[in-house]
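Dear colleague,

Please find below the structure that I am handing over to you.

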Amino acid sequence: MDLLRHLRYFVAVAEELHFGRAAQRLHMAQPPLSQRIRGLERELGVELLKRSTRRVELTPAGRVLLAEARELLAQAEHLQAVMGRVQAGELGELRAAAPPMVGGAAVARLLTAFHERCPDVQLELRESTTPALLQALADGSLDIGLVSRPARLGALAGGPTFATALGVLLAADGAPEGPVELGQLRDRELVLFPRESAPDQYDELLATCSAYGFVPRAVHHAVATPFAAGVVLAGRAVGFATADEPLPPGVVWRPLAGRPLQWRVSTAWRPGAAGTAVAAFNDAATAVLADAGWTPVDAPGPARRVPRPASGLLT
Amino acid sequence: MSQARIAAAFADAGVEGWLHAVDIDAPGREIGLRADDPVVLSSVFKLPLLVELWRQVDAGLLSATTAVDLPPATRTSGPTGIAAMRDPVRMSVRDLAQLMISVSDNAAADALFDLVGERAINARLDALGLDATRVVGCCRDLFAAMQQDAGTEEPDELALRLADPDVRARLRVLDPARSSRSTPRQMTALLGAVWRDGAASAEACAEMRRALALQVWPHRLASGFPSDDVRVSGKTGTLPGVRNEVGVVERPDGRRFAVAVFTRTDSPAFVLPQADAAIGRAARVAIDALD
C-alpha cells in the first residue's frame with residue numbers, strides 16, 4: 001500500500017467530512033476514493049469514519065490519525081523539497097579538485113569564496129594532477145576541477161581561461177635586481193613540476209625556454225613550491241613561480257623580461273554535473289583568480305600563432 | 001647502443017622519433033628505430049608524386065616541357081612558391097616539379113597531382129614493392145580535412161585552434177590509417193631506387209636527384225651535416241606536432257646514405273628549433289653508426 005497517498009486521501013475526506021467534495025478536491029471520482037479509505041481502514045485495522053447517508057464523522061481513531069497524518073505529510077513534503085535542492089545542486093556535496101601547483105593561499109580563498117556562495121553544499125576539494133583530474137571528471141568520480149590549460153577536455157565543459165605571468169625563483173645570493181631574460185639562465189638547471197602533472201603545459205614551457213635560449217642543463221622535478229625553493233636555494237637551479245608564492249629566506253622572485261611564460265588555468269566540469277553548485281564553484285574560482293591578479297584570456301592557448309614558411313603547415 | 005643514442009637524440013628534443021638509415025650501395029648496412037611503423041608522410045608525399053611524374057615522362061604520357069597554367073583563383077595556396085604568389089603563372093611540368101620539391105610548393109604539387117593521378121602514384125608504389133606506402137589525396141585535401149576537423153576555414157583562427165590538444169586529437173591528417181603514409185624503411189627504399197637509377201630512367205632519376213638537392217631548408221636533416229663537402233638532398237613534411245624529412249647524405253668519401261626521419265611531439269608550437277635539429281642529430285648518429 002502507498003501509505004502516503006492513502007493518508008492524503010484520508011486527510012482530504014477528514015477535512016471536508018464529505019466524500020463528494022473530497023473527491024472533487026483530489027480530482028478523482030467518488031467510488032475509488034471510498035474504496036481507498038476502506039483499504040486504509042483494513043490496513044490499519046481500525047474504523048476511521050462513521051458514515052451515514054447524510055454525513056461523515058471522524059471516529060476517535062480517525063481524529064488521532066488526522067493529526068499524525070498531517071505531520072507525516074508535511075515531513076514528506078519537506079523531504080521532497082530538500083531532495084529537489086540536492087538535485088539542483090543547492091544542497092549536498094560537490095567533489096572538486098585543483099592542481100598541486102595551486103598555492104595554499106589560493107586554495108583557502110577558493111574554499112571561502114565557495115562557502116559564501118553555496119553555504120549548504122559541502123565542498124570536497126582535493127589535490128589532483130591535470131590528467132588524473134580530467135580522468136576523474138570523465139568517469140564521474142569528480143564533479144568539477146581547476147585544470148592547467150592547454151588540456152585535453154574531450155566532452156567536458158570548460159570555463160573561461162585565466163592567465164598569469166610566471167617569474168623566476170633564484171638564490172638571493174648573486175641574483176640580479178631587475179627582470180631576468182630567459183636566455184640569461186642558459187647555464188642553470190631547472191626545477192619544475194613533474195611532466196605527468198600537466199604534460200601539455202610542461203612541454204609548452206620547456207619549448208618556450210628553449211626558443212628563448214634556455215635549455216636547462218638538468219631538469220629536477222618538484223610538485224610543491226617549498227620543495228622547489230629548497231632546490232633553488234642550493235644554488236645551481238632556478239624555478240618558475242607566480243609572484244605571490246610565499247618563499248623561504250634566501251630565495252627571491254624576479255619577473256621574466258617580456259613575460260614569455262604564462263600559466264593558464266580554467267575550470268572543467270562534467271556537463272551532467274551542471275547546477276547551482278557548479279555555477280557557484282565557477283563563480284568563486286573566477287573571483288579568486290581575478291583577485292589574485294590573473295587576467296582572463298580569449299583562448300586557452302596562445303593569443304596569436306604565426307606559422308612561418310619553414311615551420312608552417314605542409315612544407 | 002647506436003639505437004639508444006638515436007633514441008636519446010629524439011628524447012633530448014622532447015619528440016618521439018622513427019628512423020631508418022641505409023648505405024645506398026650496400027643495403028645490408030642499415031640501422032633503424034621503429035623502422036617499420038606506419039607514419040604520416042605530410043608533404044613527403046610529394047616524393048612518390050615526383051617519382052610517378054617522371055615515370056610518366058619516361059613513358060611518353062607527359063612532356064616535361066609542357067606549359068601548365070595555374071590561375072590564382074583555383075590553385076592551392078601555401079606559404080611558399082607559386083602557392084604564395086598573387087598573379088597568373090604558366091610554368092613547365094619539370095619546373096613545377098622542381099618548385100614542389102625545393103620549396104614544397106603546394107600549388108605546384110597539386111597541379112602535378114591532378115596531371116599524374118592518385119591511382120597512378122599508388123600503382124607505382126605497388127610496382128616498386130612499397131605496399132605500406134599509400135598516397136591519400138593532395139595538399140588541398142589535407143587542408144580541407146584539417147579545416148573540417150578544426151571547424152574553421154579562417155587561417156588565423158585555424159592556427160589558434162591547432163594549439164588546442166582536443167582539436168589536434170581529432171585531426172585525421174595525423175592518423176596514418178587515414179592519411180598519406182609510409183614507413184621509414186620504405187622511404188629509404190624509394191630514395192635508394194632514385195639514387196641507383198632504379199625508380200625511373202637514369203635521366204629521370206638525375207632530374208629527381210637535382211630537385212631534391214635544391215631543397216632550401218637548412219634546419220632539419222642538413223643541420224646534422226654542417227660541412228661544405230657533404231651533399232644533403234631531401235624532402236621535408238610538416239603538420240601540427242609532425243616534423244619529417246627523408247633524404248640522402250653523400251659524403252666526400254663517396255659513400256651515400258638514404259635516411260628517413262619522422263618525428264612527433266605533443267607540443268603545438270610551430271617554431272620548435274630543437275625538434276627540427278633532432279632530425280639532423282638523429283640522422284647523423286645513425287649514419288656515423290654505419291661507418
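A salt bridge is counted here when a side-chain nitrogen of Lys or Arg lies within 4 Å of a carboxyl oxygen of Asp or Glu. Please note that this is a predicted model.

By that criterion, the side chains of B:E250 and B:R231 form a salt bridge, with an N to O distance of 4.0 Å. B:E250 belongs to strand β8 (residues 242-250) of chain B and B:R231 to strand β7 (residues 231-239) of chain B, so this pair ties together parts that are 19 residues apart in sequence. The two partners may also be described by their accessibility: B:E250 is buried, at a relative accessible area of 17%, whereas B:R231 is partly exposed, at 48%.

A search over all chains of the structure returns 39 salt bridges. A:E204 pairs with A:R264, and their closest N and O atoms are 2.8 Å apart. Because A:E204 sits in helix α7 (residues 199-211) of chain A and A:R264 in strand β13 (residues 262-269) of chain A, the pair joins parts that are 60 residues apart in sequence. Both A:E204 and A:R264 are buried.

A:E57 and A:R55 also form a salt bridge, the closest N and O atoms being 3.8 Å apart. Here A:E57 is partly exposed, with a relative accessible area of 37%, and A:R55 is exposed, with a relative accessibility of 52%.

I turn now to the interface between the two chains. The contact involves 37 residues from chain B and 24 residues from chain A. The area buried between chain B and chain A is about 2500 Å², and carbon and sulfur atoms give 62% of that area. Two salt bridges are counted between chain B and chain A. A:R152 and B:D266 form a salt bridge, with their closest N and O atoms 3.7 Å apart. Six residue pairs, both residues at pLDDT 80 or more, are in polar contact between chain B and chain A.

On the side of chain B that touches chain A, at least two residues each come from α6 (139-150), α7 (155-161), α8 (165-169) and β7 of chain B. Of the elements on that side, β7(B) gives the most, with five residues. The residues of this side of chain B divide into 19 nonpolar, 11 polar and seven charged.

With kind regards

Key
Residues are numbered from 1 along each chain as its sequence is written. Chains are lettered from A and ligands numbered from 1 in the order in which they are written. This is a predicted model: local features need pLDDT of at least 70, side-chain atom pairs count only at pLDDT 80 or more; totals for chains, interfaces and linings use all residues. Side-chain values use heavy atoms; hydrogens and water are left out. Buried means under 20% relative accessible area, exposed over 50%, partly exposed in between (1.4 Å probe, protein chains only). Helices (H or I, at least four residues) and strands (E, at least two) are DSSP runs, numbered from the N terminus. Contact means heavy atoms within 4.5 Å. Buried area is the accessible area (1.4 Å probe) that two parts lose on being put together, summed over both. A polar contact is a pair of N or O atoms within 3.5 Å; within protein, one must be able to donate a hydrogen and the other to accept it, and residues adjacent in sequence count only if both atoms are side-chain atoms. Ala, Val, Leu, Ile, Met, Phe, Trp, Tyr, Cys and Pro count as nonpolar, Asp, Glu, Lys and Arg as charged, and the others, Gly among them, as polar.
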